[in-house]
Structure formats: C-alpha cells, structure tokens
Amino acid sequence: MKNENILQQLQSAEQKFQINDYKGNFVCSCRIEKYGNIPILLSAPHAVKQIRNGEMKAHEFYTGAIVEYLSKQIGCACITKQYLIENSFSDDPNTDDENCLYKQTVSHFLSEHEIKLFVDIHGLSSKRDSIIDICIDDGQNINDITYVSDLQKFIENTFGKNKCSIDKYFNASSKNIMSKWVHTNFNISAIELEINGAYRCFEGNTKKQSLDLFLCLKQWLNSMVF
C-alpha cells in the first residue's frame, strides 16, 4: 500500500475518537476487534479522554488509530477506548481496578483466546527525548526479552541510536496499569509503549516521521514468530 493511502487510512480511523471533542461516541465504550489469528492483542485505553480521581485527562491522539490500523495490517486483535463516561469519578482503564469494563472485556477475550503478546499503546510528550519508551517494569512484565530487543533494533535502524528507551519515563509497575495487570493475571508478555507526540501526529510537517514509525512498528510485529 502506498504511503499516502496509509496516511489517509490512519487519519480516517482517528475520526471516530475525535467525536464530541475526543469524548467519543456513547454507543460503545470499548470493543475488541479480531482481524486475524496472529496471537497479539493491541490496546489503546487513552484513545479518548478519561477521568482519573474526578479530574478529566487529555486524550492521547492517534493511539487509537495506530492500534486499529496496525491490527488490520498484521492480522491480530485490538481493543480501544471509544467513549468517556463523564458522570464518573474514575473512567481510566490504566488505573481502574479489574471491575472496569475495559479490563473485563480484555479478561474475557484472553480467557477464550491464546494470546502471546499484549501491547498497550500510549502517548508520550513531544518534549521527551525518546521516540518510544518501552515500559516493562525492569523486565518483570515480559516472558521473552527478544520482544524488546527486536523493537530496539527496528527503531535504531530507522531513526539511529539512543532513540528508544526502556523504563525511562514510565515503568508500568503499578498493579492496575494495563500491561502489569495483564501479565500478573494471565502470564502473558505485556509491553506498554509510550510514543512521542511528534511521531504520532500524521499531519503537517510530522507526516513522514510519523509514517516511518508506524511502518517500523508494523515490521516489528510482523517479524514475530510464535
């Protein structure tokens, strides 16, 4: 597929999350879509705004579009947060306990499908030095370190050395963090990827670097042998 078509598909996918000032569509809070049999589940719990301790938090733009389009491209499953529950004190899958709908949906899916890798995609501030921060709680959230080393190689081959960090800004160590929760409860390798805002915009003068990173993630996921 030509690069311009990929950009158009990502921009189109993002429109769903942009509805109602990134509060999403009340028809569906979250949903798992399965596009093939690759044993990977991609996740974007902050694709729309969320509420944490009574305070509304900003959405992490294009995380939902990246997750949905990546899953279609490689043939795996994905889940995205699609609606903010405004009359709630807490509506953040990455901090809520196992009773939240997002975690319940993931739990049900993982109980019925043999998944080998869970990747939770988030947004890192564009002011950070890293293009991607790989959050694995000092390796405790993964069963196979090659998932991390392979991603590092893909990033370095595309963008140069020292562009990919591990547990530098976040470490995914709290028990309710999605990746920590998945690994603890299902013993599945789970990675939180924090993507720099300058590399997930797909608009204006960031189009090329955003596209390069998307293709890098696609190559990484496609390279896995289970």
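A pocket, as the word is used here, is an open set of grid points where a 1.4 Å probe fits, with protein on both sides within 12 Å along at least five of seven lines. Keep in mind that the model you are looking at is predicted.

With that in hand, look for the largest pocket, which has a volume of about 320 Å³. Its lining is made up of 21 residues, and those closest to the centre are His46, Arg52, Glu60, Phe170 and Glu194. What kinds of residues form the lining of this pocket? Eleven of them are polar, while five are nonpolar and five are charged.

Several strands take part in the lining. Strand 3 (50–52), strand 6 (117–124) and strand 9 (189–196) each provide at least two of the lining residues. Strand 6 gives the most, with three residues.

Now turn to the helices. Two packed helices are described by the angle between their axes and the distance between the axes. Here, helix 1 (residues 3–22) packs with helix 2 (residues 63–74) at an angle of about 120 degrees, and their axes are 8 Å apart. Helix 1 and helix 2 are therefore oblique to each other, and their crossing is right-handed.

Which residues meet where these helices pack? From helix 1 come Ile6, Gln9, Leu10, Ala13, Glu14, Lys16 and Phe17, and they meet Gly64, Ala65, Ile66, Glu68 and Tyr69 of helix 2. Seven residues of this contact are nonpolar, two are polar and three are charged.

Conventions. Residues are numbered from 1 along each chain as its sequence is written. This is a predicted model: local features need pLDDT of at least 70, side-chain atom pairs count only at pLDDT 80 or more; totals for chains, interfaces and linings use all residues. Side-chain values use heavy atoms; hydrogens and water are left out. On a 1 Å grid over the protein atoms alone, a cavity is a set of points where a 1.4 Å probe fits but cannot get out, and a pocket is an open set with protein on both sides within 12 Å along at least five of seven lines; lining residues have an atom within 4 Å of a point. Grid points are joined across faces, edges and corners, and a volume is the space filled by probe spheres set on the points. Helices (H or I, at least four residues) and strands (E, at least two) are DSSP runs, numbered from the N terminus. Ala, Val, Leu, Ile, Met, Phe, Trp, Tyr, Cys and Pro count as nonpolar, Asp, Glu, Lys and Arg as charged, and the others, Gly among them, as polar. Axes are lines fitted to C-alpha atoms, for helices over the stretch in contact, and angles run from 0 to 180 degrees between N-to-C directions. Angles under 35 degrees count as roughly parallel, over 145 as roughly antiparallel, 65 to 115 as roughly perpendicular and the rest as oblique. A crossing is left-handed if the near helix is turned anticlockwise from the far one by less than a right angle, and right-handed if clockwise. Contact means heavy atoms within 4.5 Å.
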